[in-house]
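Colleague: I'd like to learn how you read a model like this one. Could you walk me through it, feature by feature?

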Amino acid sequence: MNKKTPKPEGAIKQDTDIALQAEILPENEAVIPVASKRIFPVVGVGASAGGLSAYSKLLKALPIDTGMAFVLVQHLDPKHASMLPELLGRTTLMPVLEIKDGMRVEPNNVYVMPPNYSLAILHGILHLMPRPDAQGKHLPIDDFLTTLADDLQSNAIGVILSGTASDGTFGLRAIKAEGGITFAQSEASSEYDGMPHSAIAAGHVDFILTPEEIALELSRIAKHPYLLQELRLPKEGDGAMVGDSLNKIFVLLRTRTGNDFTYYKHATIRRRIKRRMVLNQIERMEDYVKFLQQQPKELDALFQDILINVTNFFRDPESFEALKSEVFPHLMQDRPNEQPLRIWVPGCSTGEEVYSIAIALFEFLGENINSIRIQIFASDIDNKAVDKARAGHYPENIRDEVSPARLQRYFIKTADGYQICKAIRDICVFAVQNVIKDPPFSRLDLVSCRNLMIYLGTVLQKKVLHTFHYSLRPNGYLMLGTSETIGNSADLYSLVDKKNKIYLKKSVATRMAYDFSATPYVAQVAGTETVEAGRQLPVLNLQQEAENIILANYGPPGVIINQDMQILNFRGQTGPYIEPAAGSASLNLLKMARQDLVMELRSVVHEAIKEHHQVRKENVRIQQQDGAYRLVNLNVMPVTAATAAEPYYLVLFEAASELVLPEKKAVKKTSKPGKITPEAEEGADMSDPRNLRIQELEKELLSNREYMQSIIESQEASNEELQSANEEIQSANEELQSTNEELETAKEELQSTNEELATINEEHEIRNQELITANNDLSNLLASVELPIVILRDDMTIRRFTPAAKQLLNLIDADVGRPISNIRPNVTIPELEERVLQVTSTMMAQSLEVQDKDGHWYVLRLRPYKTLDNRIEGAVMTFVDIDSVKDVERLRKALQQERRLAAVVRDSSDAVTVQDFSGRILTWNRRAAEIFGYSEEEALQLNSEVLIAEKSREQMKAMVQQLQQGKKVIPCESWRRGKNGSEFEVWITASLLFDEAGQPATIAVTERETG
């Protein structure tokens, strides 16, 4: 045996540093396992009846170096010590240990649970828990596998072997939910298939194999890189490679299922993908992408694994008590009877959460349940889960979640489980819906979304919370899971119950900010939150950034307005030209523009809108805050966009060059004083403030004239339009008056119709209640009448049948609606369809006697099915058991025959006797008494040997021997002796009599005197 060389101190420190680094590194695409403390899979194996043989086969086929630990949980007698460790130790070279409290699991070891305990695991340490006192509640396999899933998550493996009942089903469900792998022994190889069948039927099993095949698969899985937790530092590019593969998987899933998982939490999805890789024996993610492209069904399997349909009835019971004590009372307070109570359960899975809320609501309302209309909407993206929820059928092990009182009141017991009652089912509406992209339900009073948000990323969580806020009524409630919060949406909800995560909608003015036709996500690499440092931006982005810088630094400031001069967008520093006006806030351009610009802006914008072309106005003077003046050019340009619903205009403010004053020239005198000629104006001394002011006023006057002319033209056009509009309004007013009169008449008719509809609706509700009562009475009547009854439609399909008809006619619940000719009953009914047609056509009942395969007799009565309005819509088949009547009739016939035979024997002219093989006389008739002289009482005490003469005794012995051998005896002559000792000769005939089993029993002898 090779000895391990101790590591030097530096190597030990290096390992420790690497391990610490692995523990504190954030989660990325290349997972770094801890080297100093290797993580290994733990296999929980559960079995019950027949488990010893299955355990032995499994351990015998397992290699001893799988690197896994095996924990065996067996149903054991709590009062007797277990020999299981010693027995299993003979089948494997691995150490087989009986579990002690606080024992740590180690790889390549087998651990066996002792009797009278329940087992749990925490941080790799096994804990022996006290056995529950409740009768029928000890489920050690479920208890251990559930804690194993919580402790090891994706490194947990569950195996269910031979056993009765359903222990282990919930445990496998928990392991699969955490990303672990599950096995079940094939039913054909199980001595008792109850436990494997329950797990397989629940859909929680990945592999269905024999114990030997399970061992081979475990040894293969142990070698998979996903489970080999070796230290591997991330290589450059590994994260990007995995991220690219993950994105490709998201594309394939969206194409196949229509659901985008890009913004779901990637840690969970990666575990599911790696789990599928283990099951399909694929080691690299890029190879798994190719496999998905080649096998579309694997996409469906991956989709089902990602959905994680794990739920149960009344999960976290305190939450449902909080609903009954805090939420429902507020919702029902002062609620109008006509306003329905609306509840939404997104992510409903297989419906347990939905029905739990409905039951809690029924319990809260009590006798007032019929006083308000209730609508509970439930949705999920998994159509298979929704189908199960709609069916409302659950296995028998829900008894561990639902109290006996609730089971009795709200469930119906079936052959293989429980069916939710009709009253609960009728108020629940199930739909396949994606809460992220599909339109939500509205006007809701309560949204219960538990354990859905934890799988969504931050972007989706925010969107979903906004969706719920939009859906809820004012003062509506939101209930989240115990591990979920509203995050950054505290402005939308206020906390009501911190422990049970119940929130109240705030009255915040918000609007639905999402387009449900498409998800407005920003494209990013899967699994990354930010762009990698140093990554080169695309050329297009660089060009756009450069253009933005140029516009910001060198472009003139401006605004974008619409036809009403409302500012829609600001570009650049517009402060020198526009500023907020005092008073009510407004974005009107003319109200925000500086006073010096209002006149000019109004003119150029009006012309641009009217002509719909560019208009430019130069050298508009504005006064600055310091009192100085500056010149600005106004430029108004239409903005053309193909998708614009209305025209927009860009108003630019361009700074003009500084005002340059011309040199002084001699001023020519005008011919008329007071009038300045152009020549004089040109030669005017512009340094004179008066001349400068006159020039400015003339320009302003000219501008005002142009503006007034445009106003006049606009006003004249407006007057003409108003005149035309006035005439149209007058005409429309007359039409509206006429329409108003018609509407008044229609309103009265609608009010009358509404009253009629209300009355009819009330009648329908009463009739519906009567129908429900009648249906309940009919169902109870048919169930209590222990007669096989089948009701057929006029097309020969089955409408209804009683429970007693199931066994007799070999029917199941799914046969309702099937043609009667497709049924293979246990009773032979000749020409059934022809007889039914005769009954429905002639309206005459028919009866015939039929016999089942066991020989029982029935009278089949066929009667027409008549409605209340005397229409024939099928036939009614009734089977009356007449087997006892047949027995009486057979007995009567047999008795009559025996009486006739007795009369023949009694009155026969020959001596007739019956004796057994020993010669004891059993029957003696009247003629025998006359011939032999013995009375019947005396003869029954005798042996027939007394009646035989000495010389014929050997002859009679030979005859009896022949009869015992089943041979026939030829009639012959023989000598007899009477009571008085006289001997006489008789002609004798002997025959053999048989018992009910067909065995020789007695001999009948007929004797006639020959003298």
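Predicted model: local features only at pLDDT ≥ 70, side-chain atom pairs only at ≥ 80, totals over all residues.

Colleague: Fine. How many helices and strands are there in the protein chain?

Modeller: The protein chain has 28 helices and 35 strands. It runs to 1011 residues, and 40% of them count as buried. The accessible surface is about 58400 Å², with 52% of that belonging to carbon and sulfur atoms. For contacts between residues at least 6 apart in sequence, 60% join residues at least 24 apart.

Colleague: Now the inside. Which residues have the most contacts inside the largest nonpolar core?

Modeller: For a core, I look for buried nonpolar residues joined through side-chain atoms. The largest one here has 46 residues, and I376, F411, I424 and F430 have the most contacts inside it. Helix α13, residues 352-365, gives this core its largest share, nine residues. There's also a second, separate core of 44 residues, with M277, V289, L444 and V464 among them.

Colleague: What does I376 touch, leaving out residues up to four places away in sequence?

Modeller: I376 touches I343, V345, V354, A358, I427, C428 and V429.

Colleague: C428 is a cysteine, then. Is C428 buried or exposed?

Modeller: C428 counts as buried because its relative accessibility is 4%, and the cut-off is under 20%. C449 comes out at 0%, so C449 is buried too.

Colleague: And how many disulfides does the count come to?

Modeller: The general idea is that a disulfide is a covalent bond between the sulfur atoms of two cysteines. Here the count comes to zero. Take C428: the closest cysteine sulfur, in C421, is 9.6 Å away, so that's too far for a bond.

Colleague: Let's finish with T913. Where is T913 found, and is T913 buried or exposed?

Modeller: T913 is found in strand β31, which covers residues 911-915. With a relative accessible area of 5%, T913 is buried. Setting aside neighbours within four places in sequence, T913 is in contact with T923, W924 and A928, and also with I1003, A1004 and V1005.

Notes
Residues numbered from 1 in each chain as written. Heavy atoms only, no water. Core = buried A, V, L, I, M, F, W, Y, C linked by side-chain atoms within 4.5 Å. Buried < 20%, exposed > 50% of the residue type's maximum accessible area, 1.4 Å probe, protein only. Helix = DSSP H or I, 4+ residues; strand = E, 2+ residues; numbered from the N terminus. Contact = heavy atoms within 4.5 Å. Disulfide = S-S within 2.5 Å. Areas by Shrake-Rupley, 256 points an atom, 1.4 Å probe, with all protein chains shown as cover.
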